[in-house]
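Colleague: I'd like to learn how to read a model like this one. Could you take me through it, feature by feature?

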Amino acid sequence: MQRFLFIGANSDMAIAAATYFKQQGIEVIGLSRTECSNEYSQSFQISGLSETDFPQLDGQIDGLVYFPGSVNLKPMRSLKEVDLLEEYKINVLGAFNSVKAYLPNLKLSQQASVVMFSSVAVQLGMPFHASVGMNKGAVEGLVRSLAAELSPEIRVNAIALSLTETKMTQRMVNTEDKKQAIAQRHPLNAIGTLEDVTHMLEFLLTPKSSWMTGQILHLDGGMSGVKK
Ligand SMILES: NC(=O)c1ccc[n+]([C@@H]2O[C@H](COP(=O)([O-])OP(=O)(O)OC[C@H]3O[C@@H](n4cnc5c(N)ncnc54)[C@H](OP(=O)(O)O)[C@@H]3O)[C@@H](O)[C@H]2O)c1
């Protein structure tokens, strides 16, 4: 039986994917700051994302997904160094620490895959996205570096998203007008859904993508590659 580990297990995307994988008979372990729902076969509460915060697990992990992230959209003059450093800890250092912590478990798998999350704002400069761009840009660098260092045993890829409806983006799409306005900025005239993310995770976490590592897959309604 395949066994996945979701860090930041109370992300809306994590819960949607855990529900789907449970139906497929895949065991998913969740780590979160708050209590996890029963989509997870096993779960642990963690107080932070430092090296010492991750509980030791026995046995193989076939897929590790690092969900934690933040959206701090502000003009440059309003971005404080202390906030940028905190966001770097959540988006980047925690990702590094979690892969380091579970490397022995990933090495026990015959098909280990790690997935992280980036943003369309790395490829496409956008106003007020300096914090997102810096942090997710670092995630993309980490993905390529780890993919090189850990191949051929462990694959490492990222999903670079445009706006996907979750609690993180709720206030940007909390009326039909706002939702439509954002959808219209995408060549495919839509914002992302939890199903879109689950499908991509299934592809990246299973042998369906066994010849792929070090890639940043753009799941963004065409925004990064097509002029509207
Ligand atoms: N939604 C979008 O449009 C969008 C666009 C681009 C990229 N992304 C990325 O997609 C990933 C999932 O986000 P989501 O949209 O599913 O958001 P969400 O439902 O709001 O989930 C937020 C995630 O961040 C973690 N988190 C937030 N603050 C934290 C903190 N201070 N310390 C530790 N963990 C913290 C949460 O962990 P807990 O389980 O502990 O709560 C959870 O995993 C993130 O990396 C995000 O940057 C999302």
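Colleague: How many of the 228 residues of the chain count as buried?
Modeller: A residue is buried if 20 or more other C-beta atoms lie within 10 Å of its own, exposed if 12 or fewer, and partly exposed in between, with C-beta atoms placed from the backbone. By that count, 39% of the 228 residues of the chain are buried. Keep in mind that this is a predicted model: local features need pLDDT of at least 70, side-chain atom pairs count only at pLDDT 80 or more, and totals for chains, interfaces and linings use all residues. Residues are numbered from 1 along each chain as its sequence is written.

Colleague: And what radius of gyration does the chain have?
Modeller: The radius of gyration is taken over C-alpha atoms, and the globule rule is 2.2 Å times the number of residues to the power 0.38. For 228 residues, a compact globule would have a radius near 17 Å, and the chain agrees because its own value is 17 Å. Along its principal axes, the C-alpha trace spans about 45 × 35 × 35 Å.

Colleague: Which helices and strands does the chain have?
Modeller: Helices (H or I, at least four residues) and strands (E, at least two) are DSSP runs, numbered from the N terminus. This chain has seven helices and seven strands. Starting at the N terminus, you read them as β-α-β-β-β-α-α-β-α-α-β-α-α-β.

Colleague: In what order do the strands form the sheet?
Modeller: Here's the general idea: strands of a sheet pair through backbone hydrogen bonds, either parallel or antiparallel. Two strands pair if DSSP finds at least two bridges between them. Here seven strands make an open sheet, ordered β3-β2-β1-β4-β5-β6-β7, with parallel pairing. At the edges sit β3 (42-45) and β7 (216-219), each pairing on one side only. Direction ignored, neighbouring strands of this sheet are turned by 20° against each other on average.

Colleague: Which residues stand opposite each other?
Modeller: F6 stands opposite G30 in β2, and F4 has V28 of β2 as its bridge partner. Now move to β5: four bridges pair it with β4 in the parallel sense, and there L64 is partnered by V114 of β5. Between β5 and β6, also parallel, there are eight bridges; S118 faces A160 of β6 in that pairing.

Colleague: Why is β5 largely enclosed?
Modeller: Eight of the eight residues of β5 are buried, so the rest of the structure largely encloses this strand. Both of its faces are covered, with A112, V114, M116 and S118 buried on one side and S113, V115, F117 and S119 buried on the other. β2 is largely enclosed too, because five of its six residues are buried.

Colleague: Which helices pack on the sheet?
Modeller: Two residues are in contact if their C-beta atoms, placed from the backbone, lie within 7 Å. For angles, axes are lines fitted to C-alpha atoms, for helices over the stretch in contact, and angles run from 0 to 180 degrees between N-to-C directions. Helix α5 (residues 130-150) packs on the sheet by touching β5 (112-119), β6 (154-161) and β7, and its direction makes about 160° with that of β6. Helix α7 (residues 194-205) packs there as well, touching β1, β4 (63-66), β5, β6 and β7, at about 145° to the direction of β5.

Colleague: Which residues come nearest to the ligand?
Modeller: A residue is near a molecule or strand if its C-beta atom, placed from the backbone, lies within 6 Å of it. There are 25 residues around the ligand, and G8, N10, S11, G69 and M168 come nearest. α1 (12-23) and β5 are the elements giving two or more residues to this shell, and α1 gives the most, with three.
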